[in-house]
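Thank you all for coming; I would like to walk you slowly through one structure this morning. Please look at the picture first, and then we can go through it together.

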Amino acid sequence: MEEKKIYEGTPSQWTNTKVFVLCGLFCWLIIPVFVALYHYFLLKCTKTTITTKRIIVERGLFSKRTDEILLKRVTDTKLFEPFLLRLVGLSNLTIYSTDKTRGELFVDAIHNGKQVWDDLRMAVEAERKEVREFEQRFV
């Protein structure tokens with residue numbers, strides 16, 4: 001089966017609302033402006049890609065770190081829609097896996113969360129089925 005993209009994007013800046021409001025109130029101190037810029041670019045430099053085979057998360061402002069979880073290792077997923085994010089059409093997705101380096105992965109503030117969640121669930125099931133068929137051939 002060919003690898004296809006299910007989702008690719010960065011978290012919404014709505015998650016930085018509290019930081020931006022506080023920094024806006026104290027912007028006359030100058031330092032909060034730099035704090036707000038740091039949080040803005042930190043979120044902007046986080047990229048999540050979900051395909052039919054794996055989940056890739058790239059993070060980092062100056063140094064990049066890339067994490068990967070194979071879908072065959074995903075054990076469960078959870079969709080959470082907080083009230084304020086739901087008002088602007090965003091959701092949080094939590095992915096649980098048996099991966100030793102990253103047991104839980106949080107994908108925050110994504111658009112079309114229900115659609116991504118359903119597509120991810122179907123891709124995980126397809127991947128598990130493919131792995132079971134592969135194992136049965138060699139048993």
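This is a predicted model: local features need pLDDT of at least 70, side-chain atom pairs count only at pLDDT 80 or more; totals for chains, interfaces and linings use all residues.

Leaving aside its neighbours within four places in sequence, L120 is in contact with I6, I50, I55, L71, T77, L93 and I95, where contact means heavy atoms within 4.5 Å. Residues are numbered from 1 along each chain as its sequence is written, and side-chain values use heavy atoms, with hydrogens and water left out.

L120 also belongs to the largest nonpolar core, which has 17 residues, and together with I55, L93 and I95 it touches the most other members. By such a core I mean a set of buried Ala, Val, Leu, Ile, Met, Phe, Trp, Tyr and Cys residues joined through side-chain atoms within 4.5 Å, buried being under 20% relative accessible area with a 1.4 Å probe, protein chains only. Helix 4 gives the most to this core, namely four residues; helices here are DSSP runs of H or I with at least four residues, and strands are runs of E with at least two, numbered from the N terminus.

Turning to the sheet, three strands form an open one in the order 5-6-7, with antiparallel pairing, and two strands pair if DSSP finds at least two bridges between them. Strand 5 (74-80) and strand 7 (104-111) stand at the edges with a single partner strand each, so one side of each is left without a neighbour in the sheet. Six bridges join strand 5 to strand 6, and T77 stands opposite I95 in strand 6.

Technical notes: Buried means under 20% relative accessible area, exposed over 50%, partly exposed in between (1.4 Å probe, protein chains only).
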